[in-house]
Amino acid sequence: MPESQDQRQTELEVIYGNRFEGSEEYRNRVWKALIQDWFQRYIPAQSTVLDLGCGYGQFINNVVCARKYAMDLNPASKGKLNADVTFLEQDCATTWDLPGNSLDVVFTSNFFEHLLSKADLANTAREVFRCLKPGGRIIAMGPNIRFVGGAYWDFFDHHLALTELSLKECLETIGFRPEYVLDRFLPYTMTNSQYPIAFLRLYLRLSFAWKWFGRQFVVMATKP
């Protein structure tokens, strides 16, 4: 029997509760540094932003923008979001509860690999395209199967194996115009060892080191 949405939501709540127990404060500091030192430059302060697969909201709570949305199927996400964030609790592969041409930026990190099928990824990308304004941007980061290898499957909820090129091709098929495609950016995991945040800030400035330690891709694309 296919898994119901209620079962999926319960499973998500348990998995992420176990996975991130004791690391939320550190993850929040990591995301503050990532935003301030790298991602914020691609997100204008006056923009409307949606965090797709927001998890516990470390990105959307910290990014500077005019209006904030967050989407996740995990019901526990809502309680982690700041008061200025509008939460959309839904399956991202179905029609979003947003009008077309209403968003400036859709950001997603370590999320697409959790979708159940390539059809779900394509449907999600179509909704991103519909909801972005002309000139709007999607920013997607995720583990690159080319460099992660078998460790990709250490997480029970990983389903799709993606590279920067496969995601780029998916977005191009929907109608996006690729803007920035990077095969190596951050290491695969950022919180297991809880290195000092100063190390992360130094790493972000030393782009030559990304080729040695980077296991995650970044893909940015715009809606014409």
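Trainee: Which side chain meets R137 in a salt bridge, and what is the N to O distance?

Mentor: R137 pairs up with E179, and the N to O distance is 2.5 Å (a salt bridge here is a side-chain nitrogen of Lys or Arg within 4 Å of a carboxyl oxygen of Asp or Glu). (Helices, H or I with at least four residues, and strands, E with at least two, are DSSP runs numbered from the N terminus.)

Before we go on, some ground rules: this is a predicted model, where local features need pLDDT of at least 70 and side-chain atom pairs count only at pLDDT 80 or more, while totals for chains, interfaces and linings use all residues. Residues are numbered from 1 along each chain as its sequence is written, and side-chain values use heavy atoms, with hydrogens and water left out.

Back to your pair. R137 counts as buried because its relative accessibility is 17%, whereas E179 is partly exposed at 37%. (Buried is under 20% relative accessible area, exposed is over 50%, and partly exposed is in between, with a 1.4 Å probe and protein chains only.)

D104 and K133 form a salt bridge at 3.4 Å, N to O. Here D104 sits in strand β4 and K133 in strand β5 (residues 132-143), 29 residues apart. D104 is partly exposed, since its relative accessible area is 21%, and K133 is partly exposed too, at 29%.

For a local example, look at R29 and E25, whose closest N and O atoms are 3.0 Å apart in their salt bridge. These residues are about one helical turn from each other, because they lie four residues apart in helix α2 (residues 24-37). R29 is partly exposed at 37% and E25 is exposed at 53%. Over the whole structure, the search turns up 10 salt bridges.

Strand β1 (residues 48-52) is mostly covered, with five of its five residues buried. T48, L50 and L52 point one way from the strand, V49 and D51 the other, and all are buried.

As for cysteines, C92 is buried, because its relative accessibility is 4%, and C131 is buried at 0%. The structure has zero disulfides (a disulfide being a pair of cysteine sulfur atoms within 2.5 Å).

L202, L206, F208, W212 and F213 make a nonpolar surface patch of about 600 Å². (Patch residues have over 30% relative accessible area and no salt bridge; like charges are joined within 9 Å, and nonpolar side chains, Val, Leu, Ile, Met, Phe, Trp and Tyr, within 5 Å. Areas come from the Shrake-Rupley method with a 1.4 Å probe, and for residues only the protein chains shown count as cover.) One of its members, F213, belongs to helix α7 (residues 210-213) and counts as exposed, because its relative accessibility is 52%.
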